[in-house]
Amino acid sequence: MGSPNSGKSMLFNRLTGLHHKVANFPGITVDVSVGRMQAMPDFDLVDFPGTYSLQAISADEKVAVENFERALVDPNVVQVLCVIDATRLEKSLYFTLQVIRECVRHGKPVSVLANMIDVLDTHKLSLDTQGLSAALQTPVMPTSARSGKGLEAVINELKADHAGMSSAYVELPDEQLRAKAHELAHRFGPKGDVLIRNQTRLDSIFLHSVIGGVAFFFIMYLLFQSIFTWSAPLMDAVEYVLSTMADWIVPLISNQVARDFTSDALFGGIGAFLVFVPQIFVLTFIIGLLEDSGYMARAALICHKPLRLFGLTGKSFIPMLSGVACAIPAIYAARAIDSPRKRLLTYMAIPLMPCSARLPVYTLLIAAFIPAGTALGGLLGWQGMAMFAIYFFGMFCGLLVTALVSRTSKDHYNDLPFVLELPPYRLPSMRPLLRNSWNRSKHFVTKAGKIIFAVTVVIWILGYFPNYGTDLGASWLGYMGHIIEPLFAPLGLDWRYGVAILSSFLAREVFVGTLGTIFGIESADEHMAPLVQHIQNSDLALGSGIALLVFFAIALQCVSTLAILAKESQSNSLGIKLFVGYFLFAYVAAIMAYQLTNFLT
């Protein structure tokens, strides 16, 4: 157990060898994680969400406190590790004293791990662990989750026999424990204000009323611009590998049907989707940099006043930006929002955040319609600016919805004030960041790949038979597509795009695979070409391309997100209302975008 930003989850990773996500802002661990200890294979280590006290306020703190209370009466729990931040001793000690008090009452041994001791060493500061240990009447061990320092002593302590504990604080109420935490921090904590001065110096820049806003805008723009610029070489490499493999494998297949399936469905459908995976890697990496550096909490503070205008809180920014990677962990991250009303409004905004599942669709359409040129001497790329615009549009729509709901619905909750801890600035560790980005990309491929493969097979069968791909329009898929074509005609789209849109309601990224399969069947006799080139050759109007971007920016097309929304909000109706409401909103907005683009061009 431990307070947020104490390095608790990084210690958990060190001791178990697992790779659970860690970050430098409150509320990242939103559920209980369990891992087998490497040095003690017969024992499991359990990582609870961070909490500031045993009086839970937010949903993630309730998870921690409820599980802690169950652990205290569980005979299988043999030891409690309480992680404190050695650089912010007073903040951590109040919670530590509460934990020690409850553990003594229930006969559970507890050890205190003073983490981030490497930061004190860097600044030539010291923590009197022996004196603090004597005062707490429990072992206090200096550790560094980043470097691994002190972990051997932790293992030895866990292997030792633990007799019954006693504590002078067992009968003290919380008010006296708070005063005691202040006293202990003053007596045994590091002397000097060098850490605070360093943080204040940087905060004077990043939280400045003018410079801070400019820096925030620049960092957010850099995030979206990097999606194109940094990932372009990787995307070209993936496309080259897939094209080379197709040229080598397809001619070796003698059976005509199997050859067409491999070419059209596997390389045309699934291959078209894999080309965009490097962008997901880059997106996850940049967000990880913002999290680990400590800037994410500053961004939340900067956004608090603007977000209040839309009925949200600064704490909504963290799950909303997390939703740029994936809506599901973003919904879990919303547990850290204290206010139930603002948490509900955040749930409504998250599905409109431009998640990584939308990224392949955005990239495909932007590459097909926006030239790859640059402006201002190469400083600004047109495609990067278009990506920034569509991401901003999705976020703006989310804010528009929450503003409307917050002003028209009654407030049935007692609201809570905005309180946010600003963690210290830290240099991100590249190895965990790269590993997390790789795991996230791999998870995205394996999760989406199953759906895309199943849909691709179905689409290929419907499009290939009964005439063996000679006439796509006369296939089973063609007949079905012509039935639904009137629905998408107001967007200037033919039946091929209509089929791809309908299939994408299983998962947004399926749109790319479906379209790749359709064009693969249609161009079976031609040399394999990128999907972007197929779209450009199909004479799709600019207005239709803009309409598709608008539609995908708003429509809720993820079954998993709907399920998690129902679970977290404890309301099945919320998911259904958002699904129907966002579809109608997306359809009307797409028609308006189509008409406006045609009028202007």
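Q: Buried means under 20% relative accessible area, exposed over 50%, and partly exposed in between (1.4 Å probe, protein chains only). Which is Cys-397, buried or exposed?
A: This is a predicted model: local features need pLDDT of at least 70, side-chain atom pairs count only at pLDDT 80 or more, and totals for chains, interfaces and linings use all residues. Residues are numbered from 1 along each chain as its sequence is written, and side-chain values use heavy atoms, with hydrogens and water left out. Cys-397 has a relative accessible area of 2%. Under 20% counts as buried, so Cys-397 is buried.

Q: How many disulfides does a search of the whole structure find?
A: A disulfide is a covalent bond between the sulfur atoms of two cysteines. Here the test is a pair of cysteine sulfur atoms within 2.5 Å. Searched as a whole, the structure has a disulfide count of zero.

Q: Which cysteine has the sulfur nearest to that of Cys-103, and how far away is it?
A: Cys-103 takes part in no disulfide. Its relative accessible area is 0%, so Cys-103 is buried. The nearest cysteine sulfur belongs to Cys-82, at 8.1 Å.

Q: How far is Cys-397 from the nearest cysteine sulfur?
A: Cys-397 is in no disulfide either. The nearest cysteine sulfur is that of Cys-355. The distance is 14 Å.

Q: Which residues have the most contacts inside the largest nonpolar core?
A: In soluble globular proteins, nonpolar side chains tend to be buried together. A nonpolar core is a set of buried Ala, Val, Leu, Ile, Met, Phe, Trp, Tyr and Cys residues joined through side-chain atoms within 4.5 Å. The largest one here has 119 residues. Those with the most contacts inside it are Phe-511 and Ile-535.

Q: What is Ile-535 in contact with, leaving aside its neighbours within four places in sequence?
A: Contact means heavy atoms within 4.5 Å. With those neighbours set aside, the partners of Ile-535 are Leu-364, Ala-368, Phe-369, Tyr-497, Leu-515, Phe-519 and Leu-540.

Q: How many residues are in the second, separate core?
A: This core includes Phe-48, Leu-54, Cys-82 and Tyr-169. It is separate, and its residue count is 38.

Q: In what order do the three strands of the open sheet lie?
A: Helices (H or I, at least four residues) and strands (E, at least two) are DSSP runs, numbered from the N terminus. Two strands pair if DSSP finds at least two bridges between them. The edge strands are strand 3 (80–85) and strand 5 (140–142), each pairing on one side only. The pairing is parallel, and the order is 3-4-5.

Q: How many of the six residues of strand 4 are buried?
A: In a regular strand the side chains alternate between the two faces of the sheet. On one side of strand 4, Val-110, Val-112 and Ala-114 are buried; on the other, Ser-111, Leu-113 and Asn-115 are buried. Strand 4 is largely enclosed by the rest of the structure, because the number of its six residues that are buried is six.

Q: Which residues are linked with Arg-101 in a network of salt bridges?
A: A salt bridge is a side-chain nitrogen of Lys or Arg within 4 Å of a carboxyl oxygen of Asp or Glu. A search of the whole structure finds ten of them. One joins Arg-101 and Glu-102 at 3.1 Å, N to O, and both residues are buried. The network links Arg-101 with Glu-102, Arg-105 and Asp-174.

Q: How many residues apart are Asp-203 and Arg-298?
A: Their side chains meet in a salt bridge of 2.9 Å, N to O. Asp-203 lies in helix 8 (residues 194–206), and Arg-298 lies in helix 13 (residues 295–308). This pair links distant parts of the chain, with a residue separation of 95.

Q: Which helices are included in what covers the buried residues of helix 25?
A: Helix 25 (residues 559–569) has buried residues, among them Thr-561, Leu-562 and Ile-564. Their cover includes helix 15 (327–333), helix 16 (340–349) and helix 26 (572–600).
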